[in-house]
Amino acid sequence: MSKKFKRVAVLKGGWSPEREVSLSSGAAAGKALREAGYDVVEIDADRMVATKLEAEKPDAVFNALHGQWGEDGCVQGLLEVMGIPYTHSGVLASSLAMDKQRAKAVFEDANIPSPPGMIVTRKDAAGGHVMKPPYVVKPNAQGSSVGVFIVREGDNRPPSELTGEKWTLGDEVLVEKFIPGRELTVSVMGDRALCVTEITTALAFYDYEAKYAAGGSKHVLPAEIPADITERCLDLALRAHQSLGCRGLSRADFRYDPDAEGEQVYCLEVNTQPGLTPTSLSPEQAAMLGITFPELCAWMVEDASCQR
């Protein structure tokens, strides 16, 4: 691959609840980019990130940040102002995808099924059932299943953690109908949906620990599902990527209920900054198609641009 860029700054860390995952993603991406022949500097992003970037003078930024500030359009806007090409999605797509309720509105307009849901205050969500169980409560603007609770049939009350002193994930939460069945995910690389992975876990559900702890989950790829469901997931992932205006790499998460009458596949969300840790899904899918991790990271760098 011919290179438009030589010096690449990898932004990692940050100060969201997903800091540790971002540090791991950034370290892995930095190592891969060096193997691919780039001059790489790794920057632990803080509120002086603009000053650090000015000092390093990169040709492009590899954005390995996760969560608030790094994944929601904020750092993307900064890089637009600074005129530095960056990987992954732009300002609007990042902001839309991070706001789950607004993303659901985009999905509805594009005929992409997602679970019925509503935005309520965490106080209301903790005060009593705002939806008939089973349902899911999650922060409206977080990733990596941080702060997600499943309220099951027979549960007397919603989780008390919603009003606890340690809650720092915003006052608005999304309450969604729980979709039973199987957890599926599809990565999109530019204009290509890669493959379908099924995720299983022995834990209560595919939460933060299951995603990132060694042995927390099992990935089956390609997923052992009917061919028409595979095609449905690939189509929906690409359409979700395009409807939000994403570019570069993204990953769409689905629930598949084989016993449902009618619609069986629901899109839960699109991740515009998929994890690049040793347990991450997107690098696994790329590898299955013969794309090595250094090749994947190099492709993301060469796809970098300033494009709101």
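These legends accompany several views of a predicted model of one protein chain.

Figure 1. Along the principal axes, the C-alpha atoms fill a box of roughly 55 × 45 × 40 Å. Buried residues make up 55% of the 308 residues. The accessible surface comes to about 13400 Å². Carbon and sulfur atoms account for 51% of that surface. Now take the contacts with a separation of 6 or more: 71% of them link residues 24 or more positions apart.

**Figure 2. An open sheet of three strands, in the order 2-1-3.** The pairing is parallel. Strand 2 (39-45) and strand 3 (60-63) stand at the edges. Each has a single partner strand, so one side of each is left without a neighbour in the sheet. From one strand to the next, the twist averages 30°.

**Figure 3. Strand 1 (residues 7-13) beside strand 2.** How many bridges join strand 1 to strand 2? There are seven, and the two strands run parallel. Look for A9, which stands opposite V41 in strand 2.

**Figure 4. Helix 1 (residues 19-35) lying across the strands.** Helix 1 lies across strand 1, strand 2 and strand 3. Against strand 1, helix 1 runs at about 160°.

**Figure 5. Helix 4 (residues 91-98) and what covers its buried residues.** Which residues of helix 4 are buried? They are A93, S94, L96, A97 and M98. Their cover includes three other helices: helix 3 (74-82), helix 5 (100-109) and helix 8 (227-244). Strand 12 (265-271) is also part of the cover.

**Figure 6. R251, a residue of strand 11 (residues 249-256).** Is R251 buried or exposed? Its relative accessibility is 7%. The cut-off for buried is under 20%, so R251 counts as buried. The side chain of R251 makes a polar contact of 2.9 Å with the side chain of T185. Another polar contact, of 3.1 Å, joins the side chains of R251 and D253.

**Figure 7. R251 and G275, 24 residues apart along the chain.** Their C-alpha atoms are separated by 9.3 Å.

Conventions: Residues are numbered from 1 along each chain as its sequence is written. This is a predicted model: local features need pLDDT of at least 70, side-chain atom pairs count only at pLDDT 80 or more; totals for chains, interfaces and linings use all residues. Side-chain values use heavy atoms; hydrogens and water are left out. Buried means under 20% relative accessible area, exposed over 50%, partly exposed in between (1.4 Å probe, protein chains only). Helices (H or I, at least four residues) and strands (E, at least two) are DSSP runs, numbered from the N terminus. Contact means heavy atoms within 4.5 Å. A polar contact is a pair of N or O atoms within 3.5 Å; within protein, one must be able to donate a hydrogen and the other to accept it, and residues adjacent in sequence count only if both atoms are side-chain atoms. Two strands pair if DSSP finds at least two bridges between them. Axes are lines fitted to C-alpha atoms, for helices over the stretch in contact, and angles run from 0 to 180 degrees between N-to-C directions. Accessible areas come from the Shrake-Rupley method with a 1.4 Å probe; for residues, only the protein chains shown count as cover.
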